[in-house]
Amino acid sequence: MTIHSFRDGWVLETHMTGYALGVDAAGLLLHRYWGARLPFTDDYAPVQSTVGWASFNGPSQLLREEFPAYGDYKTVNPCLKVTFADGVRDVVLRFESAQVTGETLTITLKDDHYPVRVLLTYTVHAVTDMIERRATVINDGDSPVSIERLFSAQWHLPYGDQYRLTHVTGRWNDEMHLRRELLVQGIKVLDSRRLTTSHHHNPWFAVDRGAADEDSGEVWFGVLAWSGNWAIQAEVDEFVSTRVNIGINDWDFALRLAAGESFESPATLAGYTRDGFGAASRHLHDHIRDTVIPHGHDLHKVLYNSWEATTFNVDEESQAVLAEIAAGMGIELFVMDDGWFHGRNHDHAGLGDWWADATKFPNGLNPLIARVNALGMAFGLWLEPEMVNPDSDLYRAHPDWVIHFPTRARTEARNQLILNFARPDVQDYLIALLDRLLTDHHIAFIKWDMNRNVSQPGWQTDDHDPREIWVRYVEGLYRVWGTLRARHPQVIWQSCSGGGGRADLAILRHADQIWVSDNTDAAARILIQDGYSHIFPANTMEAWVTDTHAAQLPLRFRFHVSMCGSLGIGGHLLHWSAADRALAAEQIALYKDIRPLVQLGDQYRLRSPQNDGFSAVQYVAKDQSAGVLFAFRTHMAFPAEVPPVILRGLDPTARYQIEGIDAVRSGAAWMADGLRVRLEDFESTVRRITRV
Ligand code: DGJ
């Protein structure tokens, strides 16, 4: 039993975590506790009432409501803001009922006066130690209501401490840099206003008291499962009460709820650990693999992607030549990227016309696919379904299908406009077209790209508030992708948005993988991959070996960096020497051997690349029978020495052999004393760890 009704509320328990909430005498739903699981249900403190502080801080200002609405005498950052049909902008939510169904607690709150209900659901994921929350607003009245903010949840941190926020930030070609900063009175906002999750921030937070590290210390962390505009607002109020609001961004936002309509927010998931940032990541990794990704426990194939080799200049022969070399190196999946479809000779034309270009592929794609399959490889294809070039048959037929304001110029970026996926006719068109493509061809993999931010976010609609475009677009995206996925369940999908512009737990319900960055410089990738690993497991992280800075970075080093995720090769194989190809074949064989550990094991960040030029990461089988260690030296100034590598995650009482070291020692010894590796600048090593 993971949900207990007790005294004045409920206790939710995962293996390690307790979370308690309750109702006060006035019927307000209050937060009681979030932290380590306690031995007895009555260990969790009862709801606290308050008489307020001064006329400037009435009681409702001091209460820690689970889902505060904007209304009554309070100014805390609310989760819900509504304007009713009569112009009233004040919501007072009181407890109406609660229901426990399996692992889900649903609490119904109701406004004091207006026929509006809010359903808060709390789902306990006991095994992965996560709690999932959503909020649903229901308009039971006869008049429409306008929702101006609807966050998924407010997560309260234990009262009275000062906290540090960890998050990731970046930009195109430079994603996922880890940042840590103290939270002080005020609101720290992270968000996206770009229609997608964005390269700039990610809807993930981790909060600690300033002393947690990789292996120890309390960390509270959470995510939002949403691929559109989102916001995280970490507020410290004047009483040093810290709370994190998370949900759909309310910037340029409104939802019109007609009589009888409802809207469910996206899910937010959060967890707590005493074992530092490493454990927080592993909880998320397990959760994502076990419950989010469609093929979460299938091993990903080693792929070749021809983009950096042939860019738009693809045809059957150019791809077949690359495919033959790829197959000879042990590659299992050949992906043809951009450039294959009607009129696509450069980035000025073609997007929207998703059929094979008749000049490049006079007999269609099937002859190439057959040749790739005959080489023993599966075949994959690149798409950018949400986009259209003005120079395309689709745009000429439907210029009104793009996101635009009729009186404004349509700003192009990369010479393209965004199809309005909020429109059901646009969704239906894409579903039919892409369904045909997938039905008529033997396609095992789709890379779904999205290469610009939004501008002029207009939508000519009578059925919705036009500002709903931010939400309805994302719902439309999920409908198109979800329908295709359901009709073609064998396809592995990758989410790409010019690299890591769309990486989140909602897109991972559709996509099995993320293309993390267009930056394929291996030295830069170490940092990007480290940031990414704080949220997402390695099997979702597609990582190519390319020719970027090949003169400075040895091929083996480039391979080792990419082998920390789902290995891909993106270099121009015709330019690779026989020795390069032989080394590639050897590294691919090694990767296939360690792939179950990397993709499905527990990840331990042993030494962060954020701090210096030496980093190490380890993956351990769930049963601790084996592991693999990667260590990288980028640049360390003379006379710096590579420090010892202290292993993690092994069974302390078992004995392990580490490849290249002539000694068998206990897990305890490797985790206390570690090992030394000798590396020069831009050298790396991969060591298999075997229990003997
Ligand atoms: C952006 C992606 O990130 C690249 O890998 C490549 O697919 C290009 N788009 C193709 O236009």
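Predicted model: local features only at pLDDT ≥ 70, side-chain atom pairs only at ≥ 80, totals over all residues.
Residues are numbered from 1 along each chain as its sequence is written, and side-chain values use heavy atoms, without hydrogens or water. Local features need pLDDT of at least 70 and side-chain atom pairs pLDDT 80 or more, whereas totals for chains, interfaces and linings use all residues.

**View A. The ring pair of Trp340 and Phe341.** The whole structure contains 31 aromatic pairs, a pair being rings of Phe, Tyr or Trp (its six-membered ring) with centres within 6.5 Å. In the pair shown, the centres are 5.4 Å apart and the planes stand at 75 degrees, so the arrangement is edge-to-face (planes over 60 degrees apart; under 30 is stacked and the rest tilted). Trp340 is buried, at 0% relative accessible area (buried means under 20%, exposed over 50%, partly exposed in between; 1.4 Å probe, protein chains only). Phe341 is likewise buried, at 0%.

**View B. The ring pair of Trp481 and Trp493.** With centres 5.9 Å apart and planes at 50 degrees, this pair is tilted. Trp481 belongs to helix α8 (residues 469-487) and Trp493 to strand β27 (residues 492-495), 12 residues apart; helices (H or I, at least four residues) and strands (E, at least two) are DSSP runs numbered from the N terminus. Both Trp481 and Trp493 are buried.

**View C. An aromatic cluster.** Phe557, Tyr619, Phe630, Phe632 and Phe682 are joined by ring pairs.

**View D. Arginine over aromatic faces.** Arg180 lies over the face of Phe277, 4.0 Å from the ring centre. Arg525 lies over the face of Trp515, at 5.0 Å from the ring centre. The criterion is NZ of Lys or CZ of Arg within 6 Å of the ring centre and within 35 degrees of the ring normal.
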